[in-house]
Amino acid sequence: MTEDTRITRSVRCNCGKVSFTVTGIDKLAVHCYCTNCQRTTGSAFAHNHRFSEASIAFDRGEEFVKQYADGNTDSKRLMLRHFCINCGSPLFLKSTAVADFIAVHEGSTTDKTKSQPVLELFAHEKYPWIGDVKGEYGGPPPFPWDPQP
């Protein structure tokens, strides 16, 4: 996959009130182990599929999307976390450090094929019982702040 591959993913919340597509340049999926992603997802990590030059087109429910400005992050970047106000499903996040950046929570995508993560972010916060989850990827880090694969 090249760095400028444009893809579209369909996303919906658990209750179905929010549905949208995101289209952008594929920057691949990652597992993020930072404590904020753990709290946001209620899990040991967030499985995010990241896009640059991205746009969102809502099919329905934009009025049910709430944004939380998360400024207390390990990366020291303001993360704008978006979720459904009806069911609480985490949907996507944006970083103020990169214009037109969107990361979709992979569990909210409706596509039948989920993306294998190629990088692990904030691995120092990773639970010891989680094994190696990185897929095959030999290219440069998708974003400048990403660790080397």
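**Labels and their cut-offs**

Guide: The side chains of N36 and D70 are joined by a polar contact of 2.8 Å. This is a predicted model: local features need pLDDT of at least 70, side-chain atom pairs count only at pLDDT 80 or more, and totals for chains, interfaces and linings use all residues. Residues are numbered from 1 along each chain as its sequence is written, and side-chain values use heavy atoms, with hydrogens and water left out.

Visitor: What makes the N36 and D70 pair a polar contact?

Guide: A polar contact is a pair of N or O atoms within 3.5 Å; within protein, one must be able to donate a hydrogen and the other to accept it, and residues adjacent in sequence count only if both atoms are side-chain atoms. The N36 and D70 side chains come to 2.8 Å, so the distance meets that limit.

Visitor: Why is N36 called buried?

Guide: Buried means under 20% relative accessible area, exposed over 50%, partly exposed in between (1.4 Å probe, protein chains only). N36 has 10%, so the label is buried. N36 lies in helix α1 (residues 35-41). Helices (H or I, at least four residues) and strands (E, at least two) are DSSP runs, numbered from the N terminus.

Visitor: Which residues does N36 contact, leaving aside its neighbours within four places in sequence?

Guide: They are D70, N72, T73 and R81. Contact means heavy atoms within 4.5 Å.

Visitor: What makes D70 and R81 a salt bridge?

Guide: A salt bridge is a side-chain nitrogen of Lys or Arg within 4 Å of a carboxyl oxygen of Asp or Glu. The closest N and O atoms of D70 and R81 are 2.7 Å apart, so the pair qualifies. D70 sits in strand β4 (residues 65-70) and R81 in strand β5 (residues 79-84), 11 residues apart. D70 and R81 are both buried.

Visitor: How many salt bridges does this rule give?

Guide: The count is 4. One of them joins D111 and R9, with closest N and O atoms 3.1 Å apart. That pair links distant parts of the chain: D111 is in the loop between β7 and β8, R9 is in strand β1 (residues 6-12), and 102 residues separate them. R9, E106 and D111 form a salt-bridge network. K126 and E120 also meet in a salt bridge, at 2.7 Å, N to O.

Visitor: What covers the label for both faces of strand β7?

Guide: On one side I102 and V104 are buried; on the other, A103 and H105 are buried.

Visitor: Why does L121 count as buried?

Guide: L121 has 11% relative accessibility, so the label is buried. L121 is in strand β8 (residues 117-121). L121 and Y33 are 88 residues apart in sequence, yet 6.1 Å apart in space, C-alpha to C-alpha. Beyond neighbours within four places in sequence, the contacts of L121 include Y33, R50 and D146.
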